[in-house]
Amino acid sequence: MSAPTLNQYLAQAQVSVPLQHLLLQVSVACKSISAAIGKGALAGILGQAGSDNIQGEEQKKLDVISNDIVLAAGVNSGSIAGLASEEMDDIFPLPDGTPLGDYLMLFDPLDGSSNIDVNVSVGTIFSILKKPLTAQSVITTADFLQAGSQQVCAGYAVYGPSTLLVLTLGNGVDCFTLDREIGEFVLTQRGMTIPTDTKEFAINMSNMRFWESPVRRYVDEMVAGKTSVRGKDFNMRWVASMVADVHRILTRGGIFMYPYDLKDPSKAGKLRLMYEANPMSFIVEQAGGASTTGRERILDLQPTGLHQRVPVILGSKNEVDLVTSYHHE
Ligand code: P6P
């Protein structure tokens, strides 16, 4: 029997019909983004958009295009009460008169977009929360500020040699591959698990002088390899696209670190809690890995802002536990 498509998979899963509709619309958005990225220079959509986002980052044309595609998918699903994006300062109010759905979705429409112009893998990350029972007829930012442990679904698409959709609904992590001949995401791996040990780490080494001492100690040991207390050599990878680095870790293990760095103490790290750290942490934990700030479990954090940043250390559980233990010594 052939592998199920995403549509068939969701119909068989214990998933509410509104959530099925939302996820199918998100998958359509990912197919559209994949097609746009695939055209690259041919479509005249590379390069800068000539604007900055709230992060103070220069927006690529594809950041804006991808954001609009995901926004439309959310609204068209009929399942959404509100949307929030890395590319938008505030939450996105539904058009007047639109009936409020049951879900809130936060997303990074094109993670790693600085890699677009050099043709390196990028991705879309999304996090889905239930609309709070206390929500009024007009959704507010406060309705979104729920701990990552409240997510009902999280996923990402990675636009690489193939386009993949990786999804958790709280019962493990499954991977779908886009079959362009039939235009469907097809289940290609069920129950992805992260090895508890690894020989590979991912961090931007150019920030070394800004790290706190526990991270410096841990990375020094990995670089020293056999000559250190670790007694084995390690390998390093850094794609500078969180989706690509996390997918590698889901596939073969590893540890990903974007730790607190003193480069800009006000930022507490680079990655955003609500639409990068939380969804990736949900996925990683569902695959048997771990995810902390170095000091506490990311999914336990009570958010204070839509775009707040957190230090992120995630991946193979024994490695995350070790570097977290260094923070507590
Ligand atoms: P740096 C991409 O901009 C991103 O948000 C993540 O996808 C990635 O892991 C990180 O930033 C890369 O940061 O400082 O190495 O460019």
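The structure is a predicted model, in which local features need pLDDT of at least 70, side-chain atom pairs count only at pLDDT 80 or more, and totals for chains, interfaces and linings use all residues. Residues are numbered from 1 along each chain as its sequence is written, and side-chain values use heavy atoms, with hydrogens and water left out. The chain is divided into domain 1 (6-189) and domain 2 (200-327), with bounds that come from an automatic or database domain assignment.

**Domains**

- The C-alpha centres of domain 1 and domain 2 are 23 Å apart.
- In domain 1, 48 residues are in contact (heavy atoms within 4.5 Å) with 31 residues of domain 2.
- About 2,800 Å² is buried between domain 1 and domain 2, and 64% of it is on carbon and sulfur atoms. Buried area here is the accessible area (1.4 Å probe) that two parts lose on being put together, summed over both.
- One salt bridge is found across the interface of domain 1 and domain 2. A salt bridge is a side-chain nitrogen of Lys or Arg within 4 Å of a carboxyl oxygen of Asp or Glu.

**Annotated sites**

- Aspartate 108 is in strand β4 (residues 103-111). Helices (H or I, at least four residues) and strands (E, at least two) are DSSP runs, numbered from the N terminus.
- Aspartate 108 has a relative accessible area of 0% and is buried. Buried means under 20% relative accessible area, exposed over 50%, and partly exposed in between (1.4 Å probe, protein chains only).
- Beyond four places in sequence, the contacts of aspartate 108 include Glu86, Tyr275 and Glu276.
- Aspartate 111 is also found in strand β4 and is buried at 5%.
- Serine 113 sits in the loop between β4 and β5 (122-130) and is buried at 13%. Not counting residues up to four places away, serine 113 touches Lys60, Asp63 and Val122.

- Leucine 250 lies in helix α6 (residues 242-252) and counts as buried at 1% relative accessibility.
- Among the residues that leucine 250 touches beyond four places in sequence are Tyr156, Met192 and Ile283.
- In helix α7 (residues 273-286), 12 of the 14 residues are buried, so the helix is largely enclosed by the rest of the structure. Glu276 and Ile283 are among these buried residues.
- Just after α7, glycine 288 has a positive phi of about 90°.

**Salt bridges**

- The whole structure holds 14 salt bridges.
- Arginine 272 pairs with glutamate 86, their closest N and O atoms being 3.6 Å apart.
- Arginine 252 pairs with glutamate 200 at 2.9 Å between the closest N and O atoms. Arginine 252 lies in helix α6 and glutamate 200 in strand β10 (residues 200-202), so the pair ties together parts that are 52 residues apart in sequence.
- Arginine 252 is partly exposed at 47%, whereas glutamate 200 is buried at 9%.
- A network of salt bridges links Glu200, Asp245, Arg248 and Arg252.
- Aspartate 321 and lysine 317 form a salt bridge with closest N and O atoms 2.6 Å apart. Both lie in helix α8 (residues 317-327), four residues apart, about one turn of the helix.
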